[in-house]
Amino acid sequence: FSIPLKSSESYGRDLLEKSIVGNDTGESDTIENAGALITINGPAIKPIISLNDYSIEYDMDILEGAKIEIDSSKSTITHINSDGIKTNVMKYYNHQFPKIENGINQLKVLSGISNANNVMVKWNDLKL
């Protein structure tokens, strides 16, 4: 009985958390496409956010104390009210789930919200 040995190079991988708050730009340098977590805190009236070439549109108002979380890795959008109750709100969303692309990207968030600091985008760059 023998077990064959695999000969392959071993790569160390590291995740580097990055984020953009408000109307800002950031740079991503990842070796694989990465999902983003987009959070919009209320109040906001039918917010529209542009991330790279994607228009992320939510067709309902978000009240003070509530928030929307858009997870592009899982293709989900969740409304979380001020009591922490979570609801799937896909029917009010335009179904855009942008990913951070492999390679070097310049990311830009332009929000349709009066207080731009109520928008945050988080992602992890994968490095060797």
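In this predicted model, strands β6 and β7 (residues 76-80) run antiparallel and are joined by five bridges. Within this pairing, I70 has I77 in β7 as its bridge partner. The two strands form a hairpin, with four residues between them. S75 lies in the turn and has a positive phi of about 55°.

β6 also pairs with β3. These two strands run antiparallel as well, again joined by five bridges. Here the bridge partner of N41 is K67 in β6.

The largest nonpolar core has 25 residues. I38, I40, I68 and I70 touch the most other members. Several elements give two or more residues to this core: β3 (34-41), β4 (48-51), β6 (67-71), β10 (103-111) and β11 (119-127). The most come from β3, which gives four.

N118 is found in the loop between β10 and β11. Its relative accessibility is 14%, so N118 counts as buried, the limit being under 20%. Beyond residues up to four places away in sequence, N118 touches T39, I40, N41, G42, P43 and I113.

Three salt bridges are found in a search of the whole structure. In one of them, the side chains of K18 and D125 meet at 3.3 Å, N to O. This pair links distant parts of the chain, with K18 in strand β1 (residues 14-21) and D125 in strand β11, 107 residues apart. K18 is partly exposed, at 24% relative accessible area. D125, at 0% relative accessibility, counts as buried.

A salt bridge also forms between the side chains of D59 and K46, at 4.0 Å, N to O. D59 lies in the loop between β5 (54-57) and β6, and K46 in the loop between β3 and β4, so the pair ties together parts that are 13 residues apart in sequence. D59 counts as partly exposed, with 46% relative accessibility. K46 is partly exposed too, its relative accessible area being 46%.

The side chains of E69 and K67 also meet in a salt bridge, at 3.6 Å, N to O. E69 is partly exposed at 22% relative accessibility. K67, the bridge partner of N41, is partly exposed at 27%.

How values were computed: Residues are numbered from 1 along each chain as its sequence is written. This is a predicted model: local features need pLDDT of at least 70, side-chain atom pairs count only at pLDDT 80 or more; totals for chains, interfaces and linings use all residues. Side-chain values use heavy atoms; hydrogens and water are left out. A nonpolar core is a set of buried Ala, Val, Leu, Ile, Met, Phe, Trp, Tyr and Cys residues joined through side-chain atoms within 4.5 Å. Buried means under 20% relative accessible area, exposed over 50%, partly exposed in between (1.4 Å probe, protein chains only). Two strands pair if DSSP finds at least two bridges between them. Contact means heavy atoms within 4.5 Å.
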